[in-house]
Amino acid sequence: MSAVSQVVRWRAATSGVTVRARSLSVAAATAALVLAQQGLAVAADDPSTTVTFAVTSGALTLSVPASADLGSGAPGTEISAPIGPVTVSDNRALASASWVVTATETDFTSGTSTIPATSAAYAAGTVTTTGVITITTTDVTLSNSEQTVVTGTEGVGDNTATWNPTVTVNVPPGAISGLYTGTLTQSVA
């Protein structure tokens with residue numbers, strides 16, 4: 001009997017199915033056995049479902065305190081205090097995310113008296129993060145121009161960073177008494 005006309009019979013031990021096949025070789029008969037075993041065979045007409053979903057992205061935002069009171073001090077002294085939590089929320093879901101926070105300060109005024117913005121310093125301090133992001137902080141002397149204070153790099157997916165910066169004002173020796181007000185603007189891009 002040639003290999004072409006040979007009829008092979010065997011009983012699959014696990015399925016109880018008897019398979020009869022004409023094959024060109026014992027290898028083809030073995031392949032037929034494997035397909036006949038329970039749980040391995042897939043009929044051509046079995047229905048299938050394609051499953052899809054979308055990962056959404058959001059925005060890059062910054063939240064800051066509405067106001068901060070640094071306290072008081074005499075001319076020639078330093079007035080310093082944390083201003084409250086600042087948080088960057090990066091919900092853009094990027095494979096490679098980065099962002100930069102800058103700070104700008106107006107001059108401090110009390111009536112007609114002025115203390116220049118450059119009399120103040122900004123120190124981010126410790127930064128707490130969630131997600132994947134590498135943080136770099138830079139302590140700066142504030143001015144009327146934007147300066148980088150915190151940088152986030154090597155971010156993956158959504159991430160956040162929160163810190164409580166300390167603003168320190170060196171009160172000039174010739175400062176006039178009064179309540180001084182300035183505007184600290186922080187922005188993220």
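**View 1. Serine 143 counts as buried, at 16% relative accessibility.** Buried means under 20% relative accessible area, exposed over 50%, and partly exposed in between, with a 1.4 Å probe and protein chains only. The model is predicted: local features need pLDDT of at least 70 and side-chain atom pairs count only at pLDDT 80 or more, whereas totals for chains, interfaces and linings use all residues. Residues are numbered from 1 along each chain as its sequence is written, and side-chain values use heavy atoms, with hydrogens and water left out. Serine 143 lies in the loop between strand E10 (140-141) and strand E11 (147-163); strands (E, at least two residues) and helices (H or I, at least four) are DSSP runs numbered from the N terminus. Its side chain reaches the backbone nitrogen of serine 145 at 3.2 Å and makes a polar contact with the side chain of glutamine 147 at 3.3 Å. A polar contact is a pair of N or O atoms within 3.5 Å; within protein, one must be able to donate a hydrogen and the other to accept it, and residues adjacent in sequence count only if both atoms are side-chain atoms. Leaving aside residues up to four places away in sequence, serine 143 touches Thr104, Glu105, Ala117 and Thr118, where contact means heavy atoms within 4.5 Å.

**View 2. Aspartate 90 and arginine 92 form a salt bridge.** The structure holds one such bridge, defined as a side-chain nitrogen of Lys or Arg within 4 Å of a carboxyl oxygen of Asp or Glu. The closest N and O atoms of aspartate 90 and arginine 92 are 2.7 Å apart. Aspartate 90 is buried, at 0% relative accessibility, and arginine 92 is partly exposed, at 22%.

**View 3. Two residues other than glycine have a positive phi: alanine 93 and glutamate 154.** Most residues other than glycine have a negative phi. For alanine 93, in strand E5 (residues 86-105), phi is about 55°. Glutamate 154, in strand E11, has a phi near 55°. Alanine 93 is partly exposed because its relative accessible area is 34%; glutamate 154 is exposed, at 57%.

**View 4. Threonine 153 is in strand E11.** The residue is partly exposed, with a relative accessible area of 28%. Its C-alpha atom is separated by 6.7 Å from that of tryptophan 99, 54 residues apart along the chain. Threonine 153 touches Ala97, Ser98, Ile133 and Thr134, with residues up to four places away in sequence not counted.

**View 5. The largest pocket has a volume of about 810 Å³.** Of the 31 residues lining this pocket, the closest to its centre are Ala68, Leu70, Phe108, Tyr180 and Thr181. The elements giving two or more residues to the lining are strand E12 (166-170) and strand E13 (184-188). A pocket is an open set of points on a 1 Å grid over the protein atoms alone, where a 1.4 Å probe fits, with protein on both sides within 12 Å along at least five of seven lines; lining residues have an atom within 4 Å of a point. Grid points are joined across faces, edges and corners, and the volume is the space filled by probe spheres set on the points.
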